[in-house]
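I opened this model to look up its strands, its helix packing and its ligand site. My entries follow in the order in which I checked them.

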Amino acid sequence: MKKILQIISSVNGNQSFSLKLSNTILERLLSIYPGSTVQMRDLAKNPLPHLEDTHFTAFYKPSESLTEDDRSALLPSDEAIKEVQEAEIIVIGVPLYNFGIPSTLKAWVDHITRAGLTFRYNENGPEGLLINKKVYLAISSGGVYSEGPLKGYDFVEPYLKTILGFIGLTDIIVFRIEGTLVAEIKDAAWPKTAESVEAYAF
Ligand SMILES: Cc1cc2nc3c(=O)[nH]c(=O)nc-3n(C[C@H](O)[C@H](O)[C@H](O)COP(=O)(O)O)c2cc1C
């Protein structure tokens with residue numbers, strides 16, 4: 001039995017390939033860990049606010065100095081961090097937008113990356129505080145980025161591996177659906193992806 005957090009970031013609702021892929025990963029996890037709970041956060045439907053000075057100021061204040069305004073500015077971040085702290089497995093659906101992640105997912109990253117809560121610096125440098133958790137990335141893209149001429153244009157996988165690793169989430173498995181907008185390969189894209197999930201030993 002596991003506590004699973006599902007993050008959705010596609011604007012495509014039920015037509016989304018990254019959601020379909022996340023759900024396929026979830027089905028496998030639920031069959032392996034029956035009775036698991038799934039907490040869902042849909043960042044497209046309920047985006048977190050972009051960081052403003054109110055958030056940033058409150059992030060760096062000692063708790064005894066926080067005002068009521070600071071506390072309400074911290075709420076979205078506190079809630080998002082609590083979900084991540086409680087989860088044992090995190091499944092993140094990510095469509096590739098303009099070679100990077102959706103801005104809603106970036107806002108989520110900005111709210112969960114907090115000194116003292118999800119990372120800190122010790123004598124050896126940065127230390128991630130979210131430990132012993134597994135992350136599955138379900139990345140969907142119109143083109144193909146895992147190989148070929150666009151390989152160096154994918155800023156989704158390297159960025160997420162870097163920032164999630166920084167806060168301690170180093171155990172990251174990546175699944176992809178690629179070429180969803182390429183006429184010659186789009187029909188084969190889903191069967192290929194479904195096979196990769198099927199073949200993976202969770
Ligand atoms: C705003 C926006 C930007 C996009 N930028 C790219 C891009 O840079 N490269 C690419 O291959 N596909 C791009 N796409 C296509 C999506 O990656 C593709 O449709 C993907 O399957 C979307 O995932 P989803 O179905 O989960 O929403 C873009 C789509 C949108 C809506």
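I took two strands as paired if DSSP finds at least two bridges between them. Helices (H or I, at least four residues) and strands (E, at least two) are DSSP runs, numbered from the N terminus. The model is predicted, with local features needing pLDDT of at least 70 and side-chain atom pairs counting only at pLDDT 80 or more, while totals for chains, interfaces and linings use all residues. Residues are numbered from 1 along each chain as its sequence is written, and side-chain values use heavy atoms, with hydrogens and water left out.

Sheet. I looked up the strand order and found β2-β1-β3-β6-β7, an open sheet of five strands with parallel pairing. The edges are β2 (37–42) and β7 (171–178), each of which pairs on one side only. From one strand to the next the twist averages 15°. I then checked β1 (residues 3–8), which runs parallel to β2 and is joined to β2 by six bridges. Ile 4 has Val 38 in β2 as its bridge partner.

Hairpin. I found β4 (residues 119–122) and β5 (residues 125–128) antiparallel, with four bridges joining them. They form a hairpin, and two residues lie between them. Opposite Tyr 121 I found Pro 126 in β5.

Helices. Axes here are lines fitted to C-alpha atoms, for helices over the stretch in contact, and angles run from 0 to 180 degrees between N-to-C directions. Contact means heavy atoms within 4.5 Å. Helix α1 (residues 17–32) lies across β1, β2, β3 (89–95), β6 (134–141) and β7, at about 160° to β3. Helix α4 (residues 103–112) lies across β1, β2 and β3 and runs at about 145° to β3.

I next asked at what angle α3 and α4 pack. For α3 (residues 68–86) and α4 the angle is about 85°, with the axes 8 Å apart. That makes α3 roughly perpendicular to α4 (the class covers 65 to 115 degrees). In this contact, Pro 76, Ser 77, Ala 80, Ile 81 and Val 84 of α3 meet Trp 108, His 111 and Ile 112 of α4.

Ligand. I counted a residue as near if one of its heavy atoms lies within 4 Å. The ligand is surrounded by 17 residues, the closest being Ser 10, Ser 16, Ser 18, Ser 140 and Gly 143. I noted a polar side-chain atom of Ser 10 at 2.6 Å from a ligand oxygen atom. A backbone N or O atom of Leu 96 is 2.7 Å from an oxygen atom of the ligand.

Key:
Angles under 35 degrees count as roughly parallel, over 145 as roughly antiparallel, 65 to 115 as roughly perpendicular and the rest as oblique. A polar contact is a pair of N or O atoms within 3.5 Å; within protein, one must be able to donate a hydrogen and the other to accept it, and residues adjacent in sequence count only if both atoms are side-chain atoms.
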